[in-house]
Amino acid sequence: YTEPTSARIELCQNARRLLERVLVGPPTRVFGMRMLALVMLLLGLLLAFAPNIVRQVRAASYVEAAVTAHRGYLDGNHGLDLRSSSPERVKAWFTNKVPFHFRLPSPQSGPNGTSTYRLTGAGVVNYRGSKAALVTYDGTSGKVSLLVASSDFAPVAGGDEVRLGNLTFHYRANDGFKVITWSNHGLAYALVSKVSGSARESCLVCHQNM
């Protein structure tokens, strides 16, 4: 979210004052002046809140892209360029393939010393004219995919928010899938899984210590 600038705040205040003078003035005021005041007020509000609206739209677009990539993976239409269960190999493979320093959330072992989900591979997908990283997992409840992009291209916002530690997770249901997004280290993450699984279960892919 981008805070309104002082210029936007001043514009809103001026529009409000003009609106008050016109609406409480004598009945001989020109009707057009009242309409102008209303237009200025609406314009001020639009300028003040437009950045947040744009951010919400772009965040929803990133969720759509993550669901599309996940569906393509499930249907076999998006083949993996790398098949590996090694986090180190996946990290190294993305070097020079995406325009950002790729970071893979490292799942920690559960109480029995084993991971709930197993890393299976990686690929590269297009997003808004740039490259994004797609990482896939297998688990007892089905396949899961993780889309990773630069936060400059993929803001994270909207949905049901849950804060855990220093991270804020955003939960959405989209076209039969559950999508959890969050940002960290300048990267935007979108985790997609089947909607029947629990949110906590999906988080275990990357945050098993939670």
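Which residue forms a salt bridge with R71, and how far apart are the closest N and O atoms? In this predicted model, local features require pLDDT of at least 70 and side-chain atom pairs count only at pLDDT 80 or more, whereas totals for chains, interfaces and linings use all residues. Residues are numbered from 1 along each chain as its sequence is written, and side-chain values use heavy atoms, with hydrogens and water left out.

The partner of R71 is D175, the closest N and O atoms being 2.2 Å apart. A salt bridge is taken as a side-chain nitrogen of Lys or Arg within 4 Å of a carboxyl oxygen of Asp or Glu. The pair links distant parts of the chain, 104 residues apart: D175 lies in the loop between β6 (167-174) and β7 (177-184), and R71 in helix α2 (residues 31-75). Helices (H or I, at least four residues) and strands (E, at least two) are DSSP runs, numbered from the N terminus. D175 is exposed, at 58% relative accessibility, while R71 is partly exposed, at 27%. Here buried means under 20% relative accessible area, exposed over 50%, and partly exposed in between (1.4 Å probe, protein chains only).

A search of the whole structure finds three salt bridges. R118 pairs with D138, the closest N and O atoms being 3.7 Å apart; R118 belongs to strand β2 (residues 117-127) and D138 to strand β3, 20 residues apart. D138 also meets K143 in a salt bridge (3.1 Å, N to O). D138 is partly exposed, with a relative accessible area of 23%, and K143 is partly exposed at 38%.
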